Each structure stands twice: as C-alpha cells, then as structure tokens.
Amino acid sequence: MTLDHSPISGPISGLSRGLALLLLLALALPALADKPDDARAIDGLEEGHILWDVTLGDPERLIARLDVILETREDMQRQGLEPHMIFAFRGGAAGLVADSTDHLDLADADAVERLHDRLRDLQGLDNVHMEACSIATRRFDLGQQDLLPGIELVGNTFLSIMGYERQGYSTIRID
C-alpha cells in the first residue's frame with residue numbers, strides 16, 4: 001500500500017497525476033514515432049559494440065550523459081541491433097564509482113548516490129560491463145574492494161580501449 005503524503009489527497013490528486021502522466025505520454029509518443037532511423041549507418045549490422053570512455057568527474061553532468069546512453073541503447077534495440085556496452089571509468093570519473101562517498105565533497109554526495117543508482121540500473125541490463133582504471137583510482141586511494149559491486153578494477157583503461165577496439169568496439173568519449 002502506498003501512502004499519499006501530498007497536501008491534497010484523494011481521488012482528485014490521483015486523477016491529476018493520471019492526467020499528467022497521460023499528457024506526458026501524449027507529448028512523447030509523437031516524438032518517438034517521428035524519430036528518424038539510422039538505417040544507412042547501421043546497414044548490415046546485427047550488433048552494436050560501444051565502449052564508453054568515461055572521464056567526466058561531475059556527477060550531475062554524468063547522470064545526464066547516462067540518460068543519453070540509455071536512449072542510445074533503446075535506439076539500437078528499436079532499430080534491430082543487439083547492444084553491447086562497456087563503460088571504462090578513468091580520470092575524475094574513477095572517483096565517482098567508489099561505493100563510499102567519504103572521499104568526495106559533501107555537496108556531491110547526494111548526486112553521487114543518484115549516479116550509483118543509475119549505474120546499478122545499467123548493470124542490470126544485458127551485455128553491459130563496467131571497469132575502472134587502477135591508475136586513476138590510485139589518485140583517490142581506491143582499490144577493488146572500494147568500488148561499486150560489478151565494476152572491475154583493471155590495470156590501465158588505455159590498454160582496455162585498445163583491446164576492445166581490436167574486438168570491434170567503437171569508443172565514444174564521455175567528458
């Protein structure tokens with residue numbers, strides 16, 4: 001049972017929320033229906049392999065980028081591609097993937113918690129792998145035990161990028 005703690009409760013507030021949701025859907029559906037495809041670029045592909053080279057150290061901006069990454073994944077699926085995504089965290093982003101926020105500015109802690117939720121959601125999707133660079137995590141005095149579950153500490157993400165590109169992944173920088 002969900003309790004409504006809003007100042008206005010009852011059937012009117014529920015109706016208002018329902019109408020608001022319908023309005024949002026009505027506005028979003030034409031945009032999705034009219035969204036162009038990428039047929040020329042993806043012609044002949046059955047899978048899409050992207051390595052996200054994540055260096056962005058601002059949690060709010062990174063959350064916004066993850067929204068676009070999720071939309072990219074959905075676009076791939078909508079157009080018949082099976083998405084395969086690797087996230088390589090390095091630079092300032094390496095400090096954001098620690099399970100604890102103790103090493104960060106207190107002002108960023110709430111945003112980092114929301115970022116962690118988003119990363120966990122992404123990890124729950126098929127064909128998603130995440131890793132962090134040990135060179136970058138060293139700056140924050142972080143080891144494997146300090147990282148969010150599901151994020152693998154690797155020696156050097158420059159080598160990861162090189163290797164994954166040889167395996168057919170396209171690298172896209174998130175900075």
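Asp175 is partly exposed in this predicted model, with a relative accessible area of 45%. Its salt-bridge partner is Arg173, and the closest N and O atoms are 2.9 Å apart. Arg173 also counts as partly exposed, at 45% relative accessibility. The structure holds ten salt bridges. Side chains of opposite charge can pair when their charged atoms come close.

- Lys35, Glu71, Asp75 and Arg78 belong to one network, joined by salt bridges that share partners.

**A link between helices**
- Arg114 and Glu60 meet through their side chains in a salt bridge, at 2.4 Å from N to O.
- Arg114 sits in helix α4 (residues 109-123) and Glu60 in helix α3 (residues 59-78), so this pair ties together parts that are 54 residues apart in sequence.
- Arg114 has a relative accessible area of 35%, which makes this residue partly exposed.
- Glu60 is partly exposed as well, with 42% relative accessibility.

**A pair within helix α4**
- Arg120 forms a salt bridge with Asp117.
- In this bridge, the closest N and O atoms lie 2.9 Å apart.
- Both Arg120 and Asp117 lie in helix α4.
- Three residues separate them, about one turn of the helix.
- Arg120 counts as partly exposed, at 37% relative accessibility.
- Asp117 is partly exposed too, and its relative accessible area is 40%.

How values were computed. Residues are numbered from 1 along each chain as its sequence is written. This is a predicted model: local features need pLDDT of at least 70, side-chain atom pairs count only at pLDDT 80 or more; totals for chains, interfaces and linings use all residues. Side-chain values use heavy atoms; hydrogens and water are left out. A salt bridge is a side-chain nitrogen of Lys or Arg within 4 Å of a carboxyl oxygen of Asp or Glu. Helices (H or I, at least four residues) and strands (E, at least two) are DSSP runs, numbered from the N terminus. Buried means under 20% relative accessible area, exposed over 50%, partly exposed in between (1.4 Å probe, protein chains only).
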